[in-house]
Amino acid sequence: MANRNNPTHKDGYDPIALTRAAERVVVRGNKRKYARLARPLRFYGGITSAQEVGCNLRCKFCFSDKPVRRPHSTGRFYSPQQVFNALSKEADKHGHKLISASASEGTLGQEHLFELLELVDDSKYVFVLETNGMTLGHDRDFALALARFKNLHVRVSIKGSNKKEYNNLTGAISDSYDLPFKALDYLIDAGVSCNACVMVSFSNKSSIAEVKEKLHDVWPGLLKSVEFENITLFPKVAERLANANMVPKTIRHRGKIINVNKGGFV
Ligand code: SF4
């Protein structure tokens with residue numbers, strides 16, 4: 001039987017196996033499931049975003065509930081052209097140049113994604129690909145294939161500041177923590193515009209220093225654009241964290257970052 005002293009020990013689920021399982025539910029030919037096609041968001045000074053269905057992680061702090069946890073019964077299938085049409089129409093209404101898909105994992109369904117990015121490349125918009133980096137870090141060719149798209153920026157989101165934190169937060173195998181760093185390495189090598197963001201609500205100063213060093217090792221320039229994310233305690237998130245006996249150190253509340261212990265939220 002595998003144990004912690006055994007290098008084959010698995011301390012969680014495999015996000016790559018979960019990728020394939022999720023794709024069986026949310027991808028059909030060149031179509032992908034979406035819960036909603038286009039809504040304006042305030043990030044990056046204004047962006048129009050579709051709400052995808054299906055993810056290959058199960059972060060306990062995730063605000064996206066049904067699209068991640070109930071992909072079978074959530075959303076409908078749409079072609080890349082339908083998604084692009086809805087995004088561009090809504091973006092024009094709000095004067096946005098940036099469009100994206102969010103609330104799930106952006107790299108599920110390669111065929112759908114590539115066709116969507118081709119449409120974006122022939123347009124005035126820039127697509128922000130939101131990913132947790134699992135698939136791109138696992139498949140170098142996938143990351144390199146993104147280099148042909150010019151109107152693309154990839155935002156790689158890292159869940160926690162070290163392997164242990166990541167394992168607690170996501171329930172995934174600790175070793176898969178390295179995949180988003182590999183993804184960034186491949187993307188930078190291929191000349192794809194990208195940046196990293198790190199979920200730090202459960203981190204302390206020394207683990208944040210640790211993740212910064214890891215990013216520095218990939219490419220020092222990543223530290224200039226890195227974003228540090230804090231969770232928002234939506235009721236579902238609070239319930240999930242309470243069930244897991246997890247207390248965040250910092251949260252985002254009404255646009256401000258609150259230190260939970262000092263701010264009296266416990
Ligand atoms: S990777 Fe993102 S969408 Fe997927 S479970 Fe984690 S926070 Fe939610």
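Okay, ground rules. The model is predicted, so local features need pLDDT of at least 70 and side-chain atom pairs count only at pLDDT 80 or more, while totals for chains, interfaces and linings use all residues. Residue numbers start from 1 along each chain, following the sequence as written.

Let's start with the whole thing. We've got 12 helices and 11 strands; helices (H or I, at least four residues) and strands (E, at least two) are DSSP runs, numbered from the N terminus. The radius of gyration is 18 Å, close to the 18 Å from the globule rule for 266 residues, so the protein is as compact as a globular protein of that length. That radius is taken over C-alpha atoms, and the rule is 2.2 Å times the number of residues to the power 0.38. The C-alpha trace spans about 50 × 40 × 40 Å along its principal axes.

How much of the protein is buried? Of the 266 residues, 42%. Buried here is 20 or more other C-beta atoms within 10 Å of the residue's own, exposed is 12 or fewer, partly exposed is in between, and the C-beta atoms are placed from the backbone. As for contacts, if you take those between residues at least 6 apart in sequence, 74% join residues at least 24 apart. A contact is two C-beta atoms, placed from the backbone, within 7 Å.

Now, helix H1, residues 15-26. Its 12 residues reach 16 Å from first C-alpha to last, close to the expected 16 Å; that expectation is 1.5 Å times one less than the number of residues. Which residues of H1 are buried? Pro15, Thr19, Ala22, Glu23 and Val26. They sit on the same side of H1, because they cover an arc of only 105 degrees around the axis, going by the directions from the helix axis to the C-beta atoms. Ala17, Arg20 and Arg24 are exposed on the other side. The cover over the buried residues includes strand E1 (27-28), strand E2 (31-41) and H5.

Ala22 is buried, with 23 other C-beta atoms within 10 Å. Beyond four places in sequence, Ala22 touches Gly54, Cys55, Asn56, Pro71 and Leu108. Leu18 has 19 C-beta neighbours inside 10 Å, so Leu18 counts as partly exposed. Setting aside neighbours within four places, Leu18 contacts Tyr13 and Asn56. Leu18 and Cys55 are 37 residues apart in sequence, yet 8.0 Å apart in space, C-alpha to C-alpha.

Cys55 brings us to the ligand. Around the ligand are Cys55, Leu57, Arg58, Cys59, Cys62, Ser64, Val68, Ser104, Glu105 and Asn132, where the cut-off is a C-beta atom, placed from the backbone, within 6 Å. By class, that's 5 nonpolar, 3 polar and 2 charged. Nonpolar covers Ala, Val, Leu, Ile, Met, Phe, Trp, Tyr, Cys and Pro, charged covers Asp, Glu, Lys and Arg, and the others, Gly among them, are polar.

Last stop, helix H8, residues 179-190. Its end C-alpha atoms are 16 Å apart, which agrees with the 16 Å its 12 residues should span. The buried ones are Leu179, Pro180, Phe181, Ala183, Leu184, Tyr186 and Leu187. They pack against several elements, including helix H5 (134-138), strand E7 (152-158) and helix H9 (205-218). After H8 comes Gly191, with a positive phi near 80 degrees.
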